[in-house]
Structure formats: C-alpha cells, structure tokens
Amino acid sequence: MQVHRSHGVALPLPDASLAQLQGYLSQPGRPMKALLNRKRVEGLQNGRFLYASRPYQLLNFQLQPEVIFRSSWDGDRLTIVFEHCTIHGLGRLQDLVQFQCQAWIRPEPECLMAKADLSLELSPSGAAALLPQPLMRRTGYLALDLVTDRLEKRCRTGLMKGALDWVASHS
C-alpha cells in the first residue's frame, strides 16, 4: 500500500531579483545547509549529501530518518532527490517501509517556489499483514503530515533566511 502527498510553498523575498536567487540556488550546498540543520548534513561527492534528521515521535515509535540525497541545479531549478532513506527506530518493521521524496526549488522574481512530492510505501507482509488497511493508511498519512510540516517550517525559516542573507551580501 502506498500513500502519496504533494506539498508546495511560496517564499516571498522582497527586493530579490531572479538573477540573485538563481545565484543563490546555483551552488546546491548553500540552500541545503540553510534548509537543513548544518550539524546534521554532510556533503558527499557528486552533489550528494547525507542527512540524519532529529527524531520524530509517531505513535509509540521514536523515528529518526537518515537520508542520502542528490541535489543539482539545472539553470532553472534546484532538484533534490532522495536516493536512500533508512528510518531508525522501527526495529523489524524497517523492511516494511520505504520513503521516497523528490523536491524542487525554483526562483522567481522576489520569490522562491518550493514543492515536494512524497510517498511512503507500507508493505503488508509478516506481522504487518494483520494490521487493518485503514490503520496502515492513516498512519502513513500521519507520517507524511509530520514530514511536510517540518519541510515547510524549514523553508519558511532557514531557507528564507539563507536566501535573504545571501542576496543582501550579493547586491
């Protein structure tokens, strides 16, 4: 069973030109370190990053996602693709859950547009086959709600601040 969610947000950046915002996004490490906790993101090779999130509380589980993702700028938008995600704290249920995310940040005059497509696949095998489908679906959507809330908060705080600071120093 798979649950899916798309979420977008517009980030107003008054007085920021399109060229300035393109310059900010053109080095993927800049927005990634603004978007994510600097202490938890590690640059790897070829535009890849390792990120260990702080823990989430979901039902009786304390979950800590660890993600390897690729980030690239194509001249029009910054693309972020999760390549591998491990969710620590699930124990034997780890193999039953697959999380995928693809996100884009696109500059516009005085604005950054961010969008993420997220999916969570829950494999109803083993003991999980005993769980009712509506409960699994509801739990999956609850997990995606937590992720999208956190992503939007990071966009509205860290990413906006990072972009504004960079634009101010490159006027």
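User: How many helices and strands does the protein chain have?

Analyst: The protein chain has three helices and eight strands. Helices (H or I, at least four residues) and strands (E, at least two) are DSSP runs, numbered from the N terminus. Along the sequence the pattern reads β-α-α-β-β-β-β-β-β-β-α. A word on the source: this is a predicted model, where local features need pLDDT of at least 70 and side-chain atom pairs count only at pLDDT 80 or more, while totals for chains, interfaces and linings use all residues. Residues are numbered from 1 along each chain as its sequence is written, and side-chain values use heavy atoms, with hydrogens and water left out.

User: What makes the protein chain as compact as a globular protein of its length?

Analyst: Its radius of gyration is 17 Å, close to the 16 Å that the globule rule gives for 171 residues, so the protein chain is as compact as a globular protein of that length. The radius is taken over C-alpha atoms, and the rule is 2.2 Å times the number of residues to the power 0.38. Along the principal axes, the C-alpha atoms fill a box of roughly 60 × 30 × 25 Å.

User: What share of the residues counts as buried?

Analyst: Of the 171 residues, 41% count as buried. Buried means under 20% relative accessible area, exposed over 50%, partly exposed in between (1.4 Å probe, protein chains only).

User: Why is Thr148 called buried?

Analyst: Thr148 has a relative accessible area of 4%. The cut-off for buried is under 20%, so Thr148 is buried. This residue is found in helix H3 (residues 133–169).

User: Which residues does Thr148 touch, beyond those up to four places away in sequence?

Analyst: Thr148 touches Arg5, His7 and Leu118. Contact means heavy atoms within 4.5 Å. The side chain of Thr148 also reaches the backbone oxygen of Asp145 at 3.2 Å.

User: Why do Asp15 and Asn46 count as exposed?

Analyst: Exposed begins over 50%. Asp15 has 66% relative accessibility, so Asp15 counts as exposed. Asn46 has a relative accessible area of 64%, so Asn46 is exposed too.

User: Where do Asp15 and Asn46 lie?

Analyst: Asp15 lies in the loop between strand E1 (2–12) and helix H1 (18–25). Asn46 is found in the loop between strand E2 (41–43) and strand E3 (48–52). Asp15 has a positive phi of about 70 degrees although it is not a glycine. For Asn46, also not a glycine, the positive phi is about 60 degrees.

User: How many disulfides does a search of the whole structure find?

Analyst: The search finds zero disulfides. A disulfide is a pair of cysteine sulfur atoms within 2.5 Å. Cys101 is in no disulfide: the nearest cysteine sulfur, that of Cys85, is 9.2 Å away. Cys111 is in none either, with the nearest cysteine sulfur, that of Cys155, 11 Å away.

User: What makes Cys101 and Cys111 buried?

Analyst: Cys101 is at 6% relative accessibility, so Cys101 counts as buried. Cys111 is at 12%, so Cys111 counts as buried as well.

User: How many aromatic pairs does a search of the whole structure find?

Analyst: The search finds four aromatic pairs. Rings of Phe, Tyr and Trp (its six-membered ring) pair if their centres lie within 6.5 Å; planes under 30 degrees apart count as stacked, over 60 as edge-to-face and the rest as tilted.

User: Why is the pair of Tyr24 and Trp166 called tilted?

Analyst: The ring centres of Tyr24 and Trp166 are 6.0 Å apart and the planes stand at 50 degrees, so the pair is tilted. Tyr24 lies in helix H1 and Trp166 in helix H3, so the pair ties together parts that are 142 residues apart in sequence. Both Tyr24 and Trp166 are buried.

User: What is the angle between the planes of Phe82 and Phe99?

Analyst: The angle is 65 degrees, with 5.8 Å centre to centre, and the pair is edge-to-face. Phe82 is in strand E6 (residues 78–88) and Phe99 in strand E7 (residues 97–108), 17 residues apart. Phe49, Phe69, Phe82 and Phe99 form one aromatic cluster.

User: Are Phe82 and Phe99 buried or partly exposed?

Analyst: Phe82 has a relative accessible area of 23%, so Phe82 is partly exposed. Phe99 has 14%, so Phe99 is buried.

Terms used:
A polar contact is a pair of N or O atoms within 3.5 Å; within protein, one must be able to donate a hydrogen and the other to accept it, and residues adjacent in sequence count only if both atoms are side-chain atoms.
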